[in-house]
Amino acid sequence: MSPAPITAAGSDVELSDGQLLDAYAWPPEQPDERPRFRFNFVASVDGAASWKGRSGALGDDADRRVFALLRSTADVILVGAGTVRSEGYAGELLPLQTQSLRTAQGYPPHPGVAVVSGSLDLDPRSDFFTAAPVRPLVITAAAASSARRAALERVADVAVAGARTVEPELAAQVLAERGYKRVLCEGGPQLFATFQSAGLVDELCLTLSPAFAPGTAGRITSGTPEAPLQPLLLHHVLRSQDTLLLRYTAGNSRPR
Ligand SMILES: NC(=O)c1ccc[n+]([C@@H]2O[C@H](COP(=O)([O-])OP(=O)(O)OC[C@H]3O[C@@H](n4cnc5c(N)ncnc54)[C@H](OP(=O)(O)O)[C@@H]3O)[C@@H](O)[C@H]2O)c1
C-alpha cells in the first residue's frame, strides 16, 4: 500500500519517510542534558482529544504514518495509565517496517515502553506486559499498594518517582538512569498536564483532525485553570489533504 501523501504546507511535493524523519529530527544531545520530552497528540478542530472514548477515530493514514515514524526515533514511549487502559496498548508497538527503520538508524528494533501510574491499577496478565518485546517500566509513587507493586514486579521493572504522585522531574531521572533520553509521550491529557506544570514539555506534535467531534470529550490537556499560558514556537506545518500535522517546540530556541 502506498503511504499517505504528506507535503509541507503550500507545496505539492510529497515528502519521503527520510524527509519526514528530518522534519522531526531530535536536536543534538548535549552532555548531561535531561531527557527530552516530545508529546504527540491528535485533536479534532473543535478541540476534542477523543471520540467515543478513544483517539483512533480522529487519526487518518497520515497521522498514523507520522505516529509510527515518531516511534521509530524514540528511546522510550511514555504513557499514562489511563491511556493504557482506554487505548489497549499491547504487544509489539511497532510494525516490522518501523522496526527496520529503527535498525537502519542505529536504534534497537523496539523502543522501551514506560507507563506512569499512581494507583498501579494495571493488570499484570494483560498483553501490555506479557506480550511486550521489551520488559516494560512502571513509574509510580511510594504510596502505591505494595501488593500491586509486587504483582507487577514479576512482569515489569517498577520505579518510584515521588511520594504520593509521580513527580515529572523524578520520572525524568528514572528514565535518564536507563539511558532513555529521547522520550516520546503519547498521552494522555493528565500525564501531559503533569509534565506541562513541571515545565518539562519540550515539544508538541499535534495532528489537527479535520472533523468536529460532538460530545463532551476532554482536550489534550487537563491542567488546572490557574496554570499560566505556555507559549510555543511553531516549527513546521505539514499537510495531508485536509489534515494538518503541526510541530511546536517550547522555550526560546528552535530545536535545530
Ligand atoms: N488525542 C490523543 O492523541 C490522545 C492520546 C492519549 C490518550 N487520549 C485519550 O485520553 C483519554 C484518557 O485520558 P487520561 O487523562 O486518563 O489519560 P492518561 O494521562 O494517560 O492517564 C491518566 C492516569 O495516568 C496516571 N498518571 C498520570 N500522571 C500521573 C502522576 N503525575 N502521578 C501518578 N499517576 C499519574 C494515573 O494513573 P492511575 O489512575 O493508575 O493512578 C492517571 O489516572 C482516553 O479517552 C484516550 O483515548 C487521547
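Guide: Helices (H or I, at least four residues) and strands (E, at least two) are DSSP runs, numbered from the N terminus. This is a predicted model, where local features need pLDDT of at least 70, side-chain atom pairs count only at pLDDT 80 or more, and totals for chains, interfaces and linings use all residues. Residues are numbered from 1 along each chain as its sequence is written, and side-chain values use heavy atoms, with hydrogens and water left out.

Visitor: Which element gives the most to the lining of the second largest pocket?

Guide: A pocket is an open set of points on a 1 Å grid over the protein atoms alone where a 1.4 Å probe fits, with protein on both sides within 12 Å along at least five of seven lines; lining residues have an atom within 4 Å of a point. Here H8 gives the most, with five residues. The lining has 23 residues, and Phe 192 and Gln 196 are among those nearest the centre.

Visitor: Which element supplies the largest share of the lining of the largest pocket?

Guide: That is H3, with six residues. Among the residues closest to the centre of this pocket are Thr 83 and Glu 87.

Visitor: Why is the pair of Phe 39 and Phe 41 stacked?

Guide: Rings of Phe, Tyr and Trp (its six-membered ring) pair if their centres lie within 6.5 Å; planes under 30 degrees apart count as stacked, over 60 as edge-to-face and the rest as tilted. The structure holds six such pairs. The Phe 39 and Phe 41 centres are 6.3 Å apart and the planes at 5 degrees, so this pair is stacked.
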